Each structure stands twice: as structure tokens, then as C-alpha cells.
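Hi everyone, thanks for coming.

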Amino acid sequence: MKIQQLTFTRFIAAISIVIFHYGTKTFLFDNFIFKQASVGVSYFFMLSGFVMIISYGNLEKIDFFQYLKNRLARIYPLYALAAFLVLASDRFQNINFSNVLIHFSMLQTWIPDQAAKINPPGWSLSVELFFYIVFPILANKFYSKLKLTTSAILIILFWIVSIVVYNSFIYSSVAIKNYLPDPLSYLNTFLIGNLAGLFYIHKLKDKQRNYLIQIFICFLLLILVLQFPTQLDIHNGLFAIFFIPLIIFISLSTDKLTVFFTRKEFIFLGEISFGIYILQFPVWTIFSDFRFSNYLGTDKENDYTLTFFIRLVILIIASILSYLYFEKPMRNLIKNYGQRKSERKEILAERLK
């Protein structure tokens with residue numbers, strides 16, 4: 001099962017994160033919404049949890065190694081390419097073999113002071129890999145055996161406790177981030193996405209109708225909360241209050257606007273969103289202010305908006321090209337490798353009979 005209308009939301013989240021990192025000094029994006037748009041990473045984690053259930057929730061048992069191979073085929077080739085691009089640029093300072101080994105093994109968020117080394121956005125892929133490893137265990141051992149109510153109680157309790165514990169320490173003298181790796185601190189975002197997926201499959205999938213008003217209410221509440229921030233950490237699952245209803249309403253809605261975003265051009269933009277996210281740092285590194293000044297005669301401060309949009313266009317073009325000519329071919333190659341090997345063995349066995 002694939003819910004096409006959710007795909008375009010990935011593009012919106014990815015572009016918002018790029019603006020958060022590089023565009024809030026422009027006059028168009030110098031506002032409270034984009035200055036807190038990093039919360040889009042939490043949306044990615046929740047959406048990932050939801051989509052995993054939608055994709056695999058009806059299977060009696062998930063083959064762990066086949067599943068993990070397919071997941072890595074989706075993220076690792078472009079993840080590695082982005083890291084190579086950074087290493088090939090002039091950002092190789094203060095990076096040693098240990099940093100490279102840790103980054104390419106996707107373990108950076110488990111080791112202090114490593115998350116931002118080489119390609120900083122890659123930290124979320126390190127977290128995502130942990131989710132990928134945990135999910136088949138949860139699906140095979142718990143979700144397939146427990147009642148929906150039991151799963152809901154356990155996940156909601158974990159979600160509440162983790163938010164309370166995290167926020168109790170984060171502003172205290174004890175820096176919990178020094179002790180709790182990111183994959184564990186963000187686990188509640190993925191699990192609450194799993195729960196939303198379970199409810200969708202078992203209770204909601206047949207309740208499709210026009211939910212456009214509910215979608216707009218979720219957006220308005222989200223903007224209102226961003227306008228009046230609290231002292232709570234919004235990245236540790238707290239925004240599930242807004243993101244989870246938003247994901248569900250978009251998944252169920254049959255309104256004309258939501259259906260419009262299922263057009264192939266919008267789905268394509270959603271498909272290249274991973275490239276937009278993981279290639280942002282390499283693009284900004286390669287097309288640096290120094291190079292712009294040297295070759296285009298731009299000024300870092302006066303031409304900030306212009307250079308931002310030039311880089312953004314380059315990023316989108318690079319994401320399109322990498323998706324068509326690298327990401328998809330590599331994904332298909334990795335996915336089909338085991339199948340072709342198995343087919344060759346079967347053909348050989350038949351010949352030997």
C-alpha cells in the first residue's frame with residue numbers, strides 16, 4: 001500500500017529544512033516559521049514510522065535481512081555519495097580516518113562529537129538506520145501479536161515518559177545529550193508514527209472523505225505554536241500532537257487540493273526530497289561564498305538572497321539528476337542483486353538434474 005498524497009509533504013519538509021539552515025537571512029524567509037523549521041526532521045521520523053507500517057504492516061513476518069537490504073538500498077548510495085562530495089571539497093580539514101570510518105558506517109550519532117562531522121545532515125540517517133533495525137523486531141515480535149489497544153497504551157506511555165524525562169534534563173545542569181544518543185532520544189517519534197500506521201490500517205483506512213478543514217486546522221495550530229514557542233524541546237516527539245493528525249488527515253482526505261498533490265510532478269518532487277536533504281551541505285560547501293565572489297563577483301552580505309536561490313536551484317537540479325541517474329539505478333541494482341543470484345542458482349540446479 002502506498003499513500004501518494006503524503007509523498008509531496010516530504011518535499012515541503014526538505015525545502016523547509018534547507019531554508020532553516022541557509023535561508024533565514026533572506027527577506028522572504030526571515031520569520032518565525034522557517035527559523036524553527038528544523039522540526040521537519042521530527043516530521044520525517046514520524047512519517048517514516050507511519051510509512052513502515054503501511055508498507056509492511058499486513059505481512060505475517062518481515063524477512064529482516066531482505067527488509068534491511070531494501071532500506072539500505074534506498075538511503076545508503078546517495079548518503080555515501082554526499083559524503084564523498086564533501087571529502088572531495090576543501091572541507092577536508094580536521095577530518096581524520098576515524099571520522100570517515102564512523103560516518104560511512106552510519107554510527108556518528110552513537111559517538112559523542114561525531115554527529116556533525118563530514119556531512120552534518122547525515123546524522124538523521126544514522127538515527128533512521130537504528131529505526132530500520134528496530135522495526136522488523138517490533139513488527140514480528142510485538143505488533144503482530146499484541147492487540148491494538150495494548151500497543152497503543154505501551155507506545156503512548158513510552159512517548160509521554162520520554163518527553164517528560166528528556167525535557168526534565170535538557171535545561172538542567174545535567175546535559176542529557178551527552179549521555180543519551182540521538183537514536184534513543186528520537187525513538188518515540190518513530191514509534192508514535194508506527195502507532196498512527198497501526199490505527200490507520202485497523203481502524204481508519206475505510207473512512208476516506210474530505211478532511212481539508214481538519215488539515216488546515218492542523219497547519220494553523222502548528223503555526224500558532226511556532227509563533228509562541230515554549231521552553232520545551234520541540235524535537236523530542238512533542239510535535240506528534242500536530243504531525244500525527246496531519247499525516248492521518250492527509251492520508252484519508254479526498255478533497256480536490258490533496259488529490260491535486262497526487263499528480264506525478266508533485267510525487268516526483270517528493271521522490272527527490274531525500275536528495276534535497278542529504279545534498280544540501282555538499283552543494284553549499286562546493287558552491288561557497290568564496291567561489292561565488294571569485295567567479296560571479298557577488299558579496300556575501302549584500303547578495304545573500306541571490307546566492308541562496310542560485311544554490312537552491314543547483315540543489316534541486318543536483319537532486320533530480322542524482323535521483324534519475326544514481327539513486328534509482330543503484331537502488332535497483334542492490335535490490336535485484338540477491339534475486340538474480342538466487343535465480344542463477346535455480347537455473348544451474350535445473351541444468352544439473
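Okay, let's start with a charged pair: Glu265 and Arg263 come together in a salt bridge, 2.9 Å from N to O. Glu265 has 37% relative accessibility, so we call that one partly exposed, and Arg263 is partly exposed as well, at 42%. Before I go on, keep in mind that this is a predicted model.

Why would side chains pair up like this at all? Well, opposite charges can pair when the charged atoms come close.

How many salt bridges turn up in a search of the whole structure? Five. Another one is Lys35 with Asp30, where the closest N and O atoms are 2.8 Å apart. Lys35 is partly exposed, at 44% relative accessibility, and Asp30 also comes out partly exposed, with 44%.

Now for Arg311 and Asp289, whose side chains form a salt bridge at 2.9 Å, N to O. This pair ties together distant parts of the chain: Arg311 sits in helix 16, Asp289 in helix 15, and they're 22 residues apart. Is Arg311 buried or exposed? Buried, because its relative accessibility is 5% and the cut-off for buried is under 20%. Asp289, on the other hand, is partly exposed at 30%. There's also a network, with Arg74, Glu327 and Arg331 joined by salt bridges that share partners.

Last stop, helix 8, residues 187–204. With 18 residues at 1.5 Å a residue, helix 8 should span 26 Å, and its end C-alpha atoms are 24 Å apart, which agrees. Of those 18 residues, 14 are buried, so helix 8 is largely enclosed by the rest of the structure.

Technical notes:
Residues are numbered from 1 along each chain as its sequence is written. This is a predicted model: local features need pLDDT of at least 70, side-chain atom pairs count only at pLDDT 80 or more; totals for chains, interfaces and linings use all residues. Side-chain values use heavy atoms; hydrogens and water are left out. Helices (H or I, at least four residues) and strands (E, at least two) are DSSP runs, numbered from the N terminus. The expected span of a helix is 1.5 Å times one less than its number of residues. Buried means under 20% relative accessible area, exposed over 50%, partly exposed in between (1.4 Å probe, protein chains only). A salt bridge is a side-chain nitrogen of Lys or Arg within 4 Å of a carboxyl oxygen of Asp or Glu.
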